[in-house]
Amino acid sequence: MTLPRETTLTVSDIPEIRGLLDEIWAATYGDAGSPVFTDDYLEWLYGGPMQDRHLLIGYRATGGRLVGFRAFLFRQCILGRPVPAYISTHLTVRHDLGLADRLAVLKGAGRPRCLERFPD
């Protein structure tokens, strides 16, 4: 079995990210309500002047299909003083993956990758 491989995504991958988020979130939260993601919204969220500091992590199955995603968004927070921080959001994993693959994606997505890339 080949586990999904981790890859860094960019704003150019937004259509694929949106497709995954829309499909999985609607299937998961449909009865309770789920957001309808648009390319414009995700470009606003993941783009902008801090886009080089955001960390968009994707997980691809054999063949390249995006099967998991997590975003770490860079923000300046105030904790008595300005502090650089990351807000983790938009974690999703395809339901049709086998258990080992889902767990591999969740294990990788749970790592604070932003700390490895930007230690400040």
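Contacts first: of those with a separation of 6 or more in the protein, 58% are between residues 24 or more positions apart, a contact being heavy atoms within 4.5 Å. Keep in mind that this is a predicted model, where local features need pLDDT of at least 70, side-chain atom pairs count only at pLDDT 80 or more, and totals for chains, interfaces and linings use all residues. Residues are numbered from 1 along each chain as its sequence is written, and side-chain values use heavy atoms, with hydrogens and water left out.

**Fold and size**
- The protein has four helices and four strands, running β-α-α-β-β-β-α-α from the N terminus; these are DSSP runs (helices H or I, at least four residues; strands E, at least two).
- The C-alpha trace spans about 45 × 30 × 25 Å along its principal axes.

**Burial and charge**
- As for burial, 38% of the 120 residues count as buried, meaning under 20% relative accessible area with a 1.4 Å probe, protein chains only.
- There are 14 positive and 14 negative side chains, with the centres of the two sets 7 Å apart; Lys and Arg count as positive, Asp and Glu as negative, leaving out His and the chain ends, and charges are placed at NZ of Lys, CZ of Arg, CG of Asp or CD of Glu.

**Aromatics**
- The count is five aromatic pairs, where rings of Phe, Tyr and Trp (its six-membered ring) pair if their centres lie within 6.5 Å; planes under 30 degrees apart are stacked, over 60 edge-to-face, the rest tilted.
- Phe74 and Tyr86 pair edge-to-face, at 5.4 Å centre to centre and 65° between the planes.
- Phe74 sits in strand β3 (residues 66-78) and Tyr86 in strand β4 (residues 82-93), so their pair ties together parts 12 residues apart in sequence.
- Phe74 counts as buried, at 4% relative accessibility.
- Trp25, Phe37, Tyr41 and Trp44 make up one aromatic cluster.

Definitions and conventions:
Buried means under 20% relative accessible area, exposed over 50%, partly exposed in between (1.4 Å probe, protein chains only).
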